[in-house]
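Reader: I want to learn how to read a strand in its surroundings. Can you take me through one case?

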Amino acid sequence: MTNTQKMAVVLLSGGLDSMVSAARAREAGFGLLALSVDYNQRHRVELAAAGQISRALGAERHIVLPLDLSAFGGSALTADIDVPKQGVRPGIPVTYVPARNTIFLSLALGWAEAAGAHDLFIGVNALDYSGYPDCRPEFIASFEAMAALATRDGVEGRGFSIHAPLQHMTKADIVREAARLGIDAGLSWSCYDPTPETLHCGLCDSCRLRQRGFDEAGIADPTAYAARP
C-alpha cells in the first residue's frame, strides 16, 4: 500500500461472487480491507476459502468477525432445516438468512468509518441468484443513502459509496470476469451443504448456479462436486 492509496472494505464470504468483487476493487486501485463474518453458518468451510482468497489478492488486512446468527435461526444456513436440493425455484428460499446483507454491510460500514475508508464492495447479483431481497439494486442504493445519514463522516459530507460491480451480471459473466482478472476460481466456495469429505454437494441452489455459470461461460469448472443434477 502506498501512502496515497485509497482503501476499500470488501465483504469476502469465500464465494465466487465476493472473490470477483474484491478483485474488481483491487483492479480499481484500492487497497483491500477484507471482512468475513463467521455467523455459525452451515457451510463454515467458506471461511477457509475467504482466507485463501484474501492472501491471493494481497489484502492489507483480513478480519473474520464472529457473530453467531444461529442464535436467531430462521434459515437453513443457521438452523436445523434441510437445504433444498430440488433445483432453483421461484420465491425466496429457506436458505435466505434474515437481513444478512443489511447486517454485513453495517459491519463493513463501521470498519470503513473507523479506518477512514469510504468505499465498500459487495458481491451481490440480481440476475442469477436465489431470489434474496437483499441482493436487489434498490437495496444497495437505499443502504448507501442510509450510510450518509447514520455516520459521522456522512453527516460531515464525507459519504460512502457502496459498490456492487456484479449487480447486473449473469453467473456466466462472473465466471468470465474471474478468468479475465486472472484469479483462481477454484479457491472459492459456493456450496450451502458441504459433504463430510468437504466436497460441493452439487445439488443445492448455489451449486447449481455455479455449475450453470461455468457451463454457459464455456470455462472448465475446477469444483469437486459429490453429484451433478
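Predicted model: local features only at pLDDT ≥ 70, side-chain atom pairs only at ≥ 80, totals over all residues.

Reader: Which way do the side chains of β1 point, and are they buried or exposed?

Author: In a regular strand, side chains alternate between the two faces of the sheet. In β1, Met7, Val9 and Leu11 point one way. Ala8 and Val10 point the other way. All are buried.

Reader: Why is β1 described as largely enclosed by the rest of the structure?

Author: Burial counts as under 20% relative accessible area. Five of the five residues of β1, residues 7-11, are buried, so the strand is largely enclosed.

Reader: In what sense do β1 and β2 pair, and over how many bridges?

Author: They pair in the parallel sense, over five bridges. β2 spans residues 31-38. There, Gly31 is the bridge partner of Met7. From β1 the chain passes through helix α1, residues 16-27, to reach β2. This β-α-β crossover is right-handed.

Reader: How does β1 pair with β4?

Author: Also in the parallel sense, over two bridges. β4 covers residues 119-121. Val10 has Phe121 as its bridge partner there.

Reader: Now the loop. Where is Ser190, and is Ser190 buried or exposed?

Author: Ser190 lies in the loop between α6 (171-181) and α7 (205-217). Its relative accessibility is 11%, so Ser190 counts as buried.

Reader: Which residues does Ser190 touch?

Author: Leave out residues up to four places away in sequence. Ser190 then touches Leu16, His200, Ser206 and Arg210.

Technical notes. Residues numbered from 1 in each chain as written. Heavy atoms only, no water. Buried < 20%, exposed > 50% of the residue type's maximum accessible area, 1.4 Å probe, protein only. Helix = DSSP H or I, 4+ residues; strand = E, 2+ residues; numbered from the N terminus. Pairing = 2+ DSSP bridges. Right-handed = clockwise from strand over helix to strand, strands pointing away. Contact = heavy atoms within 4.5 Å.
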